[in-house]
Amino acid sequence: MEETYLLDYPGVRKKILAGGSGPLPHFPTGTKLVFHFQTLLDNFERTVIDDSRLAGRPAEIFVGKMFKMEVWETLLTSMRVGEVAEFWCDAIHTGLYPIVSKGMRLIAQGKDPLEGQRHMCGMGNLFHYHSTGFPELDELMRTPQPLIFIMELLQVRDPMSYHRESWMMEKDEKLQTVPVLHMQGNALVKQKQYREAASKYKEAVLLLKTVQSREMPGDIDYINLGRMIVPLELNYCQCMLELEEYYEVIDHMDELLEKHKGKDCVKGYYKRAKAHAAVWNEKEARRDFNMVAQLDITLAKLVCRELKALSDCAAALCSEL
């Protein structure tokens, strides 16, 4: 199929090489696009700069998530699944390609795609560095020029059809996901799948902390988000106790109890006490068990049993010595 289309987008031309199947998909924000691509110079030889097939894996972008090569979203959302198309893009759209290409090449090599970049916009990184480490990309940086992209759209995945990383979610979506993760964690605990449950609780905590980081410390929203984190942290640490990851419990409870003191965190002191006792930090375990009794008198009998068990273990250890 050799038909040339001018997209309603300045500086872009499209030629369909192979038709896709079905109607043009719907592309809501967060849609995952999986595709193969070739990048060619617009010269007589049509020199190939990049080929995702040679890298051994297709590329992925997410609609509306500010991918550096904004024009790629325009190109891909003009395609049907299975379609292969060639796009000519003017230099006004290709200035950041060297940075994008470098990142993809590093990923293919198993390296950090942000290696060496400062925390600045893509254009800032482009001008700050004299070399990408790839001569052909350095040439594109020195001489921005039109490029040809040959793309094959492999998959269009609805935002609800795959696990979404926290950076892809809006604030409301993160807050709606937290109780779902909480319930999933609780269900896994009932099945004694503690490792899997801990993962759910931890994911929920990270979502809340991400939202909290956008709020002003001391504001009511910041405080309320902190309170939402507490039960999830406690559940996570209970799973860690079951898995005998005692130092993990101590570290988490140290941080939690530094921020949240008083009766609301009596469970935190108890879990930290159990962890200290398990690794034979007797002094610290007694301190936390006594704090539990002070904060909640109804737990005094439980604390007495725990302290007696601690003393019995100490006596047994001394007799062996």
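Is lysine 192 buried or exposed? Lysine 192 is exposed, with a relative accessible area of 60%; exposed stands for over 50%, buried for under 20% and partly exposed for values in between, with a 1.4 Å probe and protein chains only.

## Basis of the model

The model is predicted; local features need pLDDT of at least 70, side-chain atom pairs count only at pLDDT 80 or more, and totals for chains, interfaces and linings use all residues. Residues are numbered from 1 along each chain as its sequence is written, and side-chain values use heavy atoms, with hydrogens and water left out.

## Overall make-up

The protein has 12 helices and 7 strands. These elements are DSSP runs numbered from the N terminus, helices being H or I with at least four residues and strands E with at least two. Of the 321 residues in the protein, 40% are buried.

Contact here means heavy atoms within 4.5 Å. Among contacts between residues at least 6 apart in sequence, 67% join residues at least 24 apart.

Helix H6 covers residues 171-190, which is 20 residues. From its first C-alpha to its last H6 reaches 30 Å, close to the 28 Å expected at 1.5 Å a residue; the expected span is 1.5 Å times one less than the number of residues. The buried residues of H6 are Lys174, Thr177, Val178, Leu181, Gly185 and Leu188. They pack against helix H7 (194-212) and helix H8 (220-242).

After H6 comes lysine 192, placed in the loop between H6 and H7. Lysine 192 is not a glycine, yet its phi is positive, at about 60°.

## Glutamine 212

Glutamine 212 lies in helix H7. It is buried, with a relative accessible area of 11%. Leaving aside neighbours within four places in sequence, glutamine 212 is in contact with Tyr222, Leu225, Gly226 and Ile229.

Two packed helices are described by the angle between their axes and the distance between the axes. The axes of H8 and helix H10 (residues 266-278) come within 10 Å and cross at roughly 20°. Axes are lines fitted to C-alpha atoms, for helices over the stretch in contact, and angles run from 0 to 180 degrees between N-to-C directions. H8 and H10 are therefore roughly parallel to each other; angles under 35 degrees count as roughly parallel, over 145 as roughly antiparallel, 65 to 115 as roughly perpendicular and the rest as oblique. The crossing of H8 with H10 is left-handed, a term for a near helix turned anticlockwise from the far one by less than a right angle, with clockwise giving right-handed. On the H8 side the contact is made by Leu234, Cys237, Gln238 and Leu241, and on the H10 side by Lys267, Gly268, Lys271, Lys274 and Ala275. These residues divide into 4 nonpolar, 2 polar and 3 charged. Ala, Val, Leu, Ile, Met, Phe, Trp, Tyr, Cys and Pro count as nonpolar, Asp, Glu, Lys and Arg as charged, and the others, Gly among them, as polar.

Helix H9 (residues 246-259) has 14 residues, which should span 20 Å at 1.5 Å a residue, and its end C-alpha atoms are 20 Å apart, in agreement. Val249, Ile250, His252, Met253, Leu256 and Leu257 are the buried residues of H9. They pack against H8 and H10.

## Tryptophan 280

Tryptophan 280 is found in the loop between H10 and helix H11 (282-295). Its phi is positive, about 60°, although tryptophan 280 is not a glycine. At 33% relative accessibility, tryptophan 280 counts as partly exposed.

## Helices H3 and H5

Helix H3 (residues 97-108) and helix H5 (residues 135-142) pack with their axes 9 Å apart, at an angle of about 160°. The two helices are therefore roughly antiparallel to each other, and their crossing is left-handed. In H3, Tyr97, Pro98, Ser101, Lys102 and Arg105 meet Glu136, Leu137, Leu140 and Met141 of H5. The contact holds 5 nonpolar, 1 polar and 3 charged residues.

## Glutamate 73

Glutamate 73 belongs to helix H2 (residues 70-76). Its relative accessibility is 26%, so glutamate 73 counts as partly exposed. Apart from neighbours within four places in sequence, glutamate 73 is in contact with Ile61, Phe62, Val63 and Gly64. Isoleucine 61 is 12 residues from glutamate 73 in sequence, and the two are 7.8 Å apart in space, C-alpha to C-alpha.
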